[in-house]
Amino acid sequence: MSDQRQLTIVGAGLAGALLATLLARRGWTVDVFERRGDPRVEGYAGGRSINLALAERGLHALRSADAADAVLAHAVMMRGRMVHFLDGGEQLQRYGRDDSEVIWSVSRGELNISLIDAAEAAGARLHFDRRLDSVDFDARMATFLGDGHAHMHRFEALLGADGAGSALRQQMQRVASLGERMEWLDHGYKELEIPPARDGGFRMEPNALHIWPRGRYMCIALPNDERTFTVTLFLPSQSNGSHGAPSFETIVSGADARALFARDFADALPLMPELENDFEAHPTGTLATLYLDRWSLDDRAVLLGDAAHAMVPFHGQGMNCAFEDCVALASHLDATTDRAAAFAAFEAERLPNARAIQKMALENYLEMRERVDDADFLLQRALEQALAERHPDRFVPRYAMVTFRRIPYATAFERGRIQRELLVEATRDRQSLDGIDWSTLDAEVERLLPPLPPEA
Ligand SMILES: Cc1cc2nc3c(=O)[nH]c(=O)nc-3n(C[C@H](O)[C@H](O)[C@H](O)COP(=O)(O)OP(=O)(O)OC[C@H]3O[C@@H](n4cnc5c(N)ncnc54)[C@H](O)[C@@H]3O)c2cc1C
């Protein structure tokens, strides 16, 4: 007799390892197959410090796996965005009201290792060096390659946490159309580094996400526990009418990168002694949004995380969203013995929300690179903060709804649209908030934005 409580996860990355933990703790028999070697033995693939911003949605998911404390022990708090202007000036724009509303910079490698440890401790069986190669859905047999051999694995259901280039997604599409559409961004990225200062400390303010907005392109830097910063340079990556703006076609060598930094990121340049080497040694990354019409194949397979909805990284939500997927999928699987119904309910709940955060992530790129230093934006932001104080249960800035709350992304998107219209209308042709008609605005807020329910 087959084990109805057996599940097979493809990928032991961020989502796969967390999902394995959640399911194993709920009594499921879980096998996880990962293409790479065990990072606890072989070191994390890539070796470089790459970090991610962890926000409330992700933290909440980690708490439900009792993994939050271990992760936060190595995280660096980021209170807001430190904007670096072209003239060398800086301004800290707080993200939230106080230190209860912050985001955390975490090392991707350490986070992945903590989650793999948690999955193993919960009883999941981890199989490293096993790359999903093909699936026979009728026979429920998956073939993994590794150690020079093909390994056959009989499954009840496959859960695809194998990232944006998902092999499981490709296999599912051989037997059913998922309606896949991949939209590539015409900008790429390069990861660089700011090492520690001579005295071993940070070379810039550690408790901030640093941004150098420059119109059609930008740089950001996130702190690491080891007193370094991971710097990411985003530039146009194709001859896309960028009209003289630098791009990865014009900035090719380390010397080109130095000249670009000297001109546009002058305050960062002296902090980056390895700029030329890093620029030439590190690959240029590509960015895309993945849209699917369906994530599941009856009771036999379902996709989650980047495998289902990869997004551009400008809201810092890809992992946070993937972690929310894990909690949702585990609870749908627990709610019914009808696995096809559980997969369908998971997809119905999460797909519209994934679409919403994908859109907001694309919009945030424009905001980060073009708007955070612009006068209209700053006035709208001042009004936003004032309305948030006047109506804390109704007017919650969109960034805060996405980052510090767990209301569905689709709700955050819709309320954010209403709020933006109010802000644009109320600040039109104004240089300051003097003379704003607060009573009319308050009435509009109360008419358009019902109170948000408190979060459990
Ligand atoms: C530059 C950049 C910055 C980002 N910053 C943030 C941020 O600040 N905050 C945030 O929330 N998100 C961020 N993200 C997004 C985040 O990295 C992803 O959303 C997250 O990693 C998705 O997790 P996942 O487990 O779905 O996929 P992945 O992390 O990609 O894991 C997939 C796993 O599957 C394995 N695998 C792949 N193919 C196979 C196969 N055939 N067989 C077996 N195993 C396989 C891989 O080796 C990997 O371990 C960023 C992304 C980028 C590119």
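In which helix does Arg-350 lie? In this predicted model, Arg-350 belongs to helix H11, which spans residues 339-371.

The relative accessible area of Arg-350 is 5%. Because the cut-off for a buried residue is under 20%, Arg-350 counts as buried. Its side chain takes part in a polar contact of 3.0 Å with the side chain of Glu-324. A polar atom of the Arg-350 side chain also lies 3.3 Å from the backbone oxygen of Cys-321.

**The ligand and its shell**

There are 29 residues around the ligand, and those that come nearest are Glu-34, Arg-36, Ala-53, Arg-108 and Asp-306.

| Protein atom | Ligand atom | Distance |
|---|---|---|
| Gly-316, backbone N or O | oxygen | 3.1 Å |
| Gly-318, backbone N or O | nitrogen | 3.4 Å |
| Asn-320, side-chain N or O | oxygen | 3.0 Å |

The ligand taken alone exposes 1000 Å², of which the protein buries 87%. Which element supplies the largest share of the shell? That element is H10, with three residues. Sorted by class, the shell around the ligand holds 13 nonpolar residues, together with eight polar and eight charged ones.

**A six-stranded sheet**

Elsewhere in the description of the fold, six strands form an open sheet of mixed pairing, in the order E8-E2-E1-E12-E19-E18. Which strands form the edges of this sheet? They are strand E8 (125-127) and strand E18 (296-297), each of which pairs on one side only. Strands of a sheet pair through backbone hydrogen bonds, in either a parallel or an antiparallel manner. Strand E2, covering residues 29-33, runs parallel to E8, and three bridges join the two. Within this pair, Asp-31 stands opposite Arg-125 in E8.

Conventions
Residues are numbered from 1 along each chain as its sequence is written. This is a predicted model: local features need pLDDT of at least 70, side-chain atom pairs count only at pLDDT 80 or more; totals for chains, interfaces and linings use all residues. Side-chain values use heavy atoms; hydrogens and water are left out. Helices (H or I, at least four residues) and strands (E, at least two) are DSSP runs, numbered from the N terminus. Buried means under 20% relative accessible area, exposed over 50%, partly exposed in between (1.4 Å probe, protein chains only). A polar contact is a pair of N or O atoms within 3.5 Å; within protein, one must be able to donate a hydrogen and the other to accept it, and residues adjacent in sequence count only if both atoms are side-chain atoms. A residue is near a molecule or strand if one of its heavy atoms lies within 4 Å of it. Accessible areas come from the Shrake-Rupley method with a 1.4 Å probe; for residues, only the protein chains shown count as cover. Ala, Val, Leu, Ile, Met, Phe, Trp, Tyr, Cys and Pro count as nonpolar, Asp, Glu, Lys and Arg as charged, and the others, Gly among them, as polar. Two strands pair if DSSP finds at least two bridges between them.
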